[in-house]
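Colleague: I would like to learn how to read a model like this one. Could we go through it feature by feature?

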Amino acid sequence: MTILLAPMEGLLDFVLRDILTRAGGIDRCVSEFIRITDQLLPERVFTRIVPELHTGGRTLAGVPVRAQLLGSDPVCLAENAARLATLGPAGIDLNFGCPAKVVNRHGGGAALLEEPDTIAAIVAAVRRAVPAHLPVSAKMRLGFNDDSKAIDCAQAIAGGGADELVVHARTKAQAYRPPAYWERIADIRAAVSIPVVANGEIWTVADAHLCRQASGCEMLMLGRGAVADPGLALAIRGGGVQAGLAWKTLLPLIAQFWELVCSRLDAHARAGRLKQWLNFLRRRYPEAELAFQTLRTVNQPAAISRWLAVALAEQGLEAGIGFEAPVAVAQARRAGQGLLAH
């Protein structure tokens with residue numbers, strides 16, 4: 001079995017990729033999209049969105065990352081893919097699934113699912129532009145308003161020379177509303193000769209099992225499910241026998257996530273990023289629900305660091321770099337001032 005981590009704009013960026021691949025069970029990642037319009041982007045744009053390009057195209061846990069491009073101009077996409085290829089990604093992925101209105105309005109993402117010929121031209125142009133050893137993959141939805149062109153689009157991707165296809169089993173119109181129509185992925189698998197990866201609405205081990213049965217895919221891509229349950233990939237690999245991560249195991253990863261956020265993101269975005277992840281985690285962890293409610297109105301990084309230091313101490317864990325010293329934590333606890341004590 002192969003388990004991939006999905007690209008999710010505004011959520012699964014390099015920081016969360018780093019942490020979730022440390023959790024284990026993930027074989028490969030795809031970055032959030034790099035938007036290509038009408039110009040050749042400088043290298044710094046690629047490395048800003050995919051800083052793993054500085055570390056051999058892998059996360060610090062050693063998991064390869066394919067860089068994803070989004071656009072609608074075959075020539076411009078090919079030129080940018082050629083430049084990106086020189087930076088050493090683990091592969092290049094093409095986005096034919098983004099449902100965002102601003103992207104679709106400019107003819108990108110899922111809007112291209114109405115134009116199989118354009119999809120074929122894009123894939124072929126990118127495949128010609130990059131070295132033969134570098135994998136080129138694509139991610140699509142079942143369609144824009146309906147799935148009537150799903151097989152045409154999949155065949156366009158395969159015919160253009162893609163090495164692999166990820167299918168999110170919903171249309172653009174269906175957005176992220178359940179259910180996902182995994183059985184339609186089976187239809188696509190039967191129509192193309194390249195490997196197909198199933199994606200969409202996999203939140204649990206049981207979902208993964210049902211998805212594999214309905215789609216026939218042994219390759220799965222996890223998105224929000226892995227964000228909400230960082231141990232999901234490990235649990236899927238264990239067939240449900242192996243549990244996911246316990247809160248005591250996850251908490252140090254949350255602390256590492258916070259350290260990365262504080263070192264890599266603008267100050268105004270830091271608290272929001274942690275709360276965004278906690279909001280997902282509370283679907284799986286009661287402790288995350290308590291943490292979310294405690295920090296919901298807190299925006300001062302120092303206060304959040306104090307909360308994390310105390311939370312770690314209460315689990316018998318040491319605070320990491322950038323957190324309150326153990327003496328300060330002990331003083332706060334003795335003073336009875338709670339998790340956010342000054």
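Colleague: How far is the sulfur of Cys-76 from the closest cysteine sulfur?

Modeller: A disulfide is a pair of cysteine sulfur atoms within 2.5 Å. The closest cysteine sulfur to that of Cys-76 belongs to Cys-98 and is 18 Å away, which is too far for a bond. By this rule there are zero disulfides. Before going on, note that this is a predicted model, in which local features need pLDDT of at least 70 and side-chain atom pairs count only at pLDDT 80 or more, while totals for chains, interfaces and linings use all residues. Residues are numbered from 1 along each chain as its sequence is written, and side-chain values use heavy atoms, leaving out hydrogens and water.

Colleague: Is Cys-76 buried or exposed?

Modeller: Buried means under 20% relative accessible area and exposed means over 50%, with partly exposed in between (1.4 Å probe, protein chains only). Cys-76 has a relative accessible area of 5%, so Cys-76 is buried. Cys-262 has 23% and therefore counts as partly exposed.

Colleague: Which residues have the most contacts inside the largest nonpolar core?

Modeller: A nonpolar core is a set of buried Ala, Val, Leu, Ile, Met, Phe, Trp, Tyr and Cys residues joined through side-chain atoms within 4.5 Å. Here the largest one has 114 residues, and Ile-34, Leu-69, Phe-96, Met-140 and Trp-277 have the most contacts inside it. Helix 11 (residues 247-264) supplies the largest share of this core, 10 residues. Helices (H or I, at least four residues) and strands (E, at least two) are DSSP runs, numbered from the N terminus.

Colleague: What is Leu-69 in contact with, leaving aside its neighbours within four places in sequence?

Modeller: Contact means heavy atoms within 4.5 Å. With those neighbours left aside, the contacts of Leu-69 include Ile-34, Phe-46, Leu-77, Leu-84 and Leu-94.

Colleague: Which way do the residues of strand 3 point?

Modeller: Val-65, Ala-67 and Leu-69 point one way, Arg-66, Gln-68 and Leu-70 the other way, and all are buried. Strand 3 (residues 65-70) is thus mostly covered, with six of its six residues buried.

Colleague: In what sense do strand 2 and strand 3 pair?

Modeller: Two strands pair if DSSP finds at least two bridges between them. Strand 2 (residues 28-35) and strand 3 have five bridges and pair in the parallel sense. Ile-34 has Leu-69 in strand 3 as its bridge partner. Between these strands the chain passes through helix 2 (residues 43-49), and this β-α-β crossover is right-handed. A crossover is right-handed if, with the strands pointing away from the viewer, the path from the first strand over the helix to the second runs clockwise. On to strand 4 (residues 92-96): strand 3 pairs with it in the parallel sense over three bridges, and Leu-69 has Leu-94 as its partner there. Strand 3, helix 3 (residues 74-85) and strand 4 make a right-handed β-α-β unit.

Colleague: What span should helix 14 have?

Modeller: The expected span of a helix is 1.5 Å times one less than its number of residues. Helix 14 (residues 301-314) has 14 residues and should span 20 Å; its end C-alpha atoms are 20 Å apart, so the two values agree. Of its 14 residues, 10 are buried, among them Ile-304, Trp-307 and Leu-308.

Colleague: How many residues of helix 1 are buried?

Modeller: Nine of the 10 residues of helix 1 (residues 14-23) are buried, so this helix is largely enclosed by the rest of the structure. Phe-14, Arg-17 and Asp-18 are among the buried ones.

Colleague: What phi do most residues other than glycine have?

Modeller: Most of them have a negative phi, and most peptide bonds are trans. Ala-175 is not a glycine, yet its phi is positive, about 50°. Ala-175 lies in the loop between strand 6 and helix 7, and counts as partly exposed at 23% relative accessibility. Glu-201 also is not a glycine and has a positive phi of about 65°. Glu-201 is in the loop between strand 7 (196-199) and helix 8 (205-215) and is buried, at 17% relative accessible area.

Colleague: Which peptide bond is cis, with omega near 5°?

Modeller: That is the bond from Pro-178 to Pro-179. Pro-179 lies in the loop between strand 6 (164-168) and helix 7 (182-191).
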